[in-house]
Amino acid sequence: MDWKGLRQSTNVDDRRGVSGGPLAIGGGIVGVIFLLAKFLLGGGDASDLQQVFPQGQQQEMSVEQKAADDERANFVKTVLACTEDVWDKIFSDMGRQYSKPTLVLFRGSTQSGCGGASSQSGPFYCPADQDVYIDLSFAEELKNRFGASGDFPMAYVVAHEVGHHIQNLLGLAEKMQRLQGRVSETEYNKYSVKMELQADFYAGVWAFYDKKMHNVIHEKDIQEALEAASAIGDDAITKGRVSPDAFTHGTSAQRMYWFKKGYETGDLKQGNTFDASDL
Ligand SMILES: [Zn+2]
């Protein structure tokens, strides 16, 4: 993806650390202040503080690591700006205004409107505060743990999380919330998978439009996205211990199918994963 020189989004809350000083791994200064305040007001306990200052987690980044981290941040900010351009257009075509999500960059752990977040939880979207949370170390994980190559897999991840934001704006997240507790866990899991696959579909729709608008996405990128979708499918993650009931994202084949469908059609109406009979 020829992303350099493109606009970077300013809808970013960068909590990765304090510039100029050692990078606080865990919470960032905002998280520290938030939790300290909570602690002092009597609302928290010592475990909250341990969460902010995990033992052995405080470390300085080398100059090279910091440069690599900043490069990743610039990349995801650029991709976010690209998603803003695309969804602005799609929403205005629907006669609506697109309200943009904020991207929270953190390292280690932070607080979200959906509870505490850590790098272990992976990138996620919180419907309550409409923020996308990403610990950039996930880019390394994509490479090292899932063997995803190139820069585009991270773009796919951003586009997927923005896809959840689109679902929220279109009222789907709310419908899902209403289902929770009213259907069995197995049934609810099925809906979760459909939600995830639709977010993959929306990521594909983004790529379809972005190719036309910015002309920086190449076939090689799409291939990388499909490989990443395949690598982070639930069946791939559980290493072959296939038990579809417990799946929350869909199998590798399903994820690739829906991303591709979005990318090839660019048509929101084709993304009804909820009606798809093969699910
Ligand atoms: Zn998701």
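In which strand is Cys126 found? Cys126 sits in strand β5 (residues 124-126), where strands (E, at least two residues) and helices (H or I, at least four) are DSSP runs numbered from the N terminus. This is a predicted model, in which local features need pLDDT of at least 70 and side-chain atom pairs count only at pLDDT 80 or more, while totals for chains, interfaces and linings use all residues. Residues are numbered from 1 along each chain as its sequence is written, and side-chain values use heavy atoms, with hydrogens and water left out.

**Around Cys126**
- Cys126 is buried at 0% relative accessibility (buried means under 20% relative accessible area, exposed over 50%, partly exposed in between, with a 1.4 Å probe and protein chains only).
- Beyond its neighbours within four places in sequence, Cys126 is in contact with Ser112, Gly113, Cys114, Asp131 and Tyr133 (contact means heavy atoms within 4.5 Å).
- From C-alpha to C-alpha, Cys126 and Ser112 are 7.3 Å apart, and 14 residues separate them in sequence.

**The zinc site**
- His160 (NE2), His164 (NE2) and Glu196 (OE) are the protein donors of the zinc ion, at 1.9 to 2.1 Å from it (donors are N, O and S atoms within 2.8 Å of the metal, or 3.2 Å for Na, K and Ca; water is not among the atoms, so sites may look incomplete).
- Because His164 lies in helix α5 (residues 152-169) and Glu196 in helix α7, this pair ties together parts that are 32 residues apart in sequence.
- His164 is buried at 11% relative accessibility, and Glu196 is buried at 13%.

**Helices α7 and α10**
- The axes of α7 (residues 185-214) and α10 (residues 252-265) come within 6 Å and cross at roughly 35° (axes are lines fitted to C-alpha atoms, for helices over the stretch in contact, with angles from 0 to 180 degrees between N-to-C directions).
- Residues making this contact include Phe201 and Phe208 of α7 and Trp258 and Phe259 of α10.

**Aromatic pairs**
- The whole structure holds 12 aromatic pairs (rings of Phe, Tyr and Trp, the last by its six-membered ring, pair if their centres lie within 6.5 Å; planes under 30 degrees apart are stacked, over 60 edge-to-face and the rest tilted).
- Trp3 and Phe75 have ring centres 5.3 Å apart and planes at 75°, so this pair is edge-to-face.
- Trp3 and Phe75 are both buried.
- Tyr257 and Trp258 also pair edge-to-face, at 5.2 Å centre to centre and 90° between the planes.
- Tyr257 is partly exposed at 43% relative accessibility, whereas Trp258 is buried at 3%.
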